[in-house]
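Morning, everyone. I have one model to show, and I'll keep it brief.

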Amino acid sequence: MFGRKGRSRFAWLLLAASFAMVLAAACGGDDDDSGSGGDVTYGKAGFKTVEIAAGQPIKIGYSGPLSGDLKGIGEPILKAIELAAKDKTIKGHSIQIVAKDDLCSADGGASAATQLLQEGVVAVVGPICSGAVVAAQPQYEQAGITHVSPSSTAHKPTYPDRGQVFETFLRTTYSDDIQGPAQAKFAIQTLGAKTAYVVYDTDAYGTGLRDAFTKAYEKEGGKVVGSEGFEKKQTDFKAIVTNIKNAKPDLVYFAGFYSEATPFIKQLRAEMKDVKFLGGDGVKNDEFIKGAGADAEGAYLSLPSPVYTGEAYKTFGDLFEKETGIKRDASPFVAEAYDAATVIIRALEKVAQEKDGKLVIDLKKLNEEIRKTELDGASGKIKFDARGENVGGETPVSLFQVKNGAFEQLKQ
């Protein structure tokens, strides 16, 4: 994967042994391997069997931002998860959602994972942000806790630096390996932007989306005339705006969240009224329009999601608005969060067993059941490949423009 006559038997044995060693090394075969899927090799996950006493709830965790600038993403997602679990019971056991605030940060993701594991969760929805995912993956893998993110789009969670794929990670959204090229094609073919200045959050999400867009944009024939990073919570972008003004690009490409995109675009528009602005899912939130006001007008945003249509989405959306008072499209990924929780709950229904008055859950069987799920969900078709990617969608990137203070979906 990744053969003479007249030789002595010893030579043949030596050759065979050498080939076996090379093959094992190429395939990643060592004592840490517990299995593989297709062209990927998994590390050793710490799956075990969990027992839940009579009368005790089944705990499913949630990791996401619940305070600070990005709670406008995290709170609606939590409400969608709680909605999926509402009134659900499995063999007499209710489902309890245990939520931890990870602040959409690497440190927060690791801390939230520690807390959720201490709480005794059997699975997790999240983390929401890719930086938090990357930081938390080793803990969940060691504990054998499957976590399904509804919104982590970065390349790294499914192509980790360690090489071996994390068996316990899956996502119901789509990778920036899809979003970045779609944005680049749109920038060149629709917007006619031959030059771009890239501004990005230095976390896993921002750098991953930057790389995906830049590579595809240059392949399409575009030229990146500048690229600058910023840290979360930055509010002063005047130096970056000055550099952009001097470079005179056709397009400013922003890879980050609305919390930083809001002050950035206000400062950008003070100096450059007409330069095109293109951002991703981290910006496509009603909070961006509220905060940036008139300066948000004309901005282009994308979501790594199919067009939300069909009965499943309508049913979910109507229920979500009724139960929460929040518009179904006010924040991205609520439908994906509902689906992530639904996938976990349905898998639990299939693998949970009663024994001696207790509920017994084999975490490996739970992982296997989640991985083989095919769901016509609120966000579209959910189907996972060996890396944990959602490969169910047919047209997984949607594009919008801010017009008259609202997001208007663009026909493609």
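Which residue stands opposite His93 in E6? Ile90 does. Before I go further: this is a predicted model.

Stay with that spot. Strand E5 covers residues 89-90, and its pairing with E6 is antiparallel, over 2 bridges. Together E5 and E6 make a hairpin, with 2 residues between the strands. Look at Lys91 in that turn. Its phi is positive, about 50°.

Now the other partner of E6. Strand E4, residues 58-64, runs parallel to E6, residues 93-101. Here 7 bridges join the two strands.

On to the helices. Two packed helices are described by the angle between their axes and the distance between the axes. Take H7, residues 238-247, and H8, residues 258-271. Their axes come within 10 Å. They cross at roughly 45°. Because of that angle, H7 is oblique to H8. The crossing of H7 and H8 is right-handed.

Who touches whom? From H7 we have Lys238, Ile240, Val241, Ile244 and Lys245. On the H8 side they meet Phe264, Gln267, Leu268 and Glu271. By class, the residues of this H7 and H8 contact split into 5 nonpolar, 1 polar and 3 charged.

To recap: E6 pairs parallel with E4 and antiparallel with E5, while H7 and H8 cross in the right-handed sense. Thanks. Over to you.

Key:
Residues numbered from 1 in each chain as written. Predicted model: local features only at pLDDT ≥ 70, side-chain atom pairs only at ≥ 80, totals over all residues. Heavy atoms only, no water. Axes fitted to C-alpha atoms, helices over the stretch in contact; angles between N-to-C directions. Helix = DSSP H or I, 4+ residues; strand = E, 2+ residues; numbered from the N terminus. Parallel < 35°, antiparallel > 145°, perpendicular 65-115°, else oblique. Left-handed = near helix turned anticlockwise from the far one by under 90°. Contact = heavy atoms within 4.5 Å. Nonpolar A, V, L, I, M, F, W, Y, C, P; charged D, E, K, R; others polar. Pairing = 2+ DSSP bridges.
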